[in-house]
Amino acid sequence: MIVKSAEFICSNTQISKLPPPVKPEYAFIGRSNVGKSSLINMLTAKKGLAKTSQTPGKTQLINHFYINDNWYIVDLPGYGYARASKTEKAKWDKFIHNYLDKRESLQCVMVLVDSRLEPQKIDLEFCNWLGERGLSFVLVFTKADKQSSIKTDQNIAKFKKALLATFEESPQYFVTSSETQLGREEILAFIDNINNN
Ligand code: GDP
């Protein structure tokens with residue numbers, strides 16, 4: 001898919017104010033600092049579209065970006081910010097779970113995972129939560145340029161193995177780098193395929 005246009009539409013703190021659910025949506029989510037904003041900018045080839053390196057855990061916003069006047073990238077607030085209070089964490093849970101549970105136009109959740117790390121409990125828990133709800137998701141391993149492909153493959157294998165404790169099959173995954181554009185074509189083709197079916 002060629003990205004001809006990518007436009008910021010709105011930032012919301014309330015589910016009730018989201019755009020009407022009439023176009024396909026792909027939600028991007030992961031731990032704070034996983035590289036979500038960089039990935040969105042890489043996919044859309046628009047540098048400042050999603051704001052990188054904001055203070056993590058501060059504002060709980062759902063950002064909608066409209067692509068090719070046809071589908072949305074939805075930038076969800078990151079989870080797992082170490083310094084977030086219990087109240088903030090509970091608020092995040094409620095907000096995000098509400099969106100994911102109820103959004104009719106949501107096609108797939110893109111779960112971002114840092115490829116440099118061994119499986120993290122919070123990522124596995126989030127995948128399990130999606131699985132329990134029957135929500136469709138794929139894994140997007142980020143920052144692959146930061147280490148050897150052998151190391152990346154090892155971490156992916158461990159992650160898949162950990163998921164097999166609760167899933168019958170491991171989900172589809174993509175290996176990405178916002179620096180080298182690794183994975184860009186694959187993710188856009190994946191989205192294109194769903195949009196056209
Ligand atoms: P977010 O909090 O998940 O939106 O993460 P950001 O996109 O702001 O990225 C967090 C940090 O990781 C920034 O310093 C980015 O420059 C860096 N980063 C993100 N993606 C990559 C990547 O693919 N490769 C490298 N080398 N650095 C990355």
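A residue counts as buried here if 20 or more other C-beta atoms lie within 10 Å of its own, with the C-beta atoms placed from the backbone. Keep that in mind as you open this predicted model: of the protein's 197 residues, 30% are buried by that criterion.

Start with the whole chain in view. The C-alpha atoms fill a box of roughly 40 × 40 × 35 Å along the principal axes. Now colour by secondary structure, and you will find 5 helices and 7 strands. Traced from the N terminus, the elements run β-β-α-β-β-α-β-α-β-α-β-α. The radius of gyration is 16 Å, close to the 16 Å that the globule rule gives for 197 residues, so the protein is as compact as a globular protein of that length.

Next, select the strands and hide the rest. What you have is an open sheet of 7 strands with mixed pairing, in the order β1-β3-β4-β2-β5-β6-β7. Go to its edges: β1 (6-12) and β7 (173-175) each have a single partner strand, so one side of each is left without a neighbour in the sheet.

Now zoom in on residues 25-30 and 71-75. These are β2 and β4, which run parallel and are joined by 4 bridges.

Key. Residues are numbered from 1 along each chain as its sequence is written. This is a predicted model: local features need pLDDT of at least 70, side-chain atom pairs count only at pLDDT 80 or more; totals for chains, interfaces and linings use all residues. Two strands pair if DSSP finds at least two bridges between them. Helices (H or I, at least four residues) and strands (E, at least two) are DSSP runs, numbered from the N terminus. The radius of gyration is taken over C-alpha atoms; the globule rule is 2.2 Å times the number of residues to the power 0.38. A residue is buried if 20 or more other C-beta atoms lie within 10 Å of its own, exposed if 12 or fewer, and partly exposed in between; C-beta atoms are placed from the backbone.
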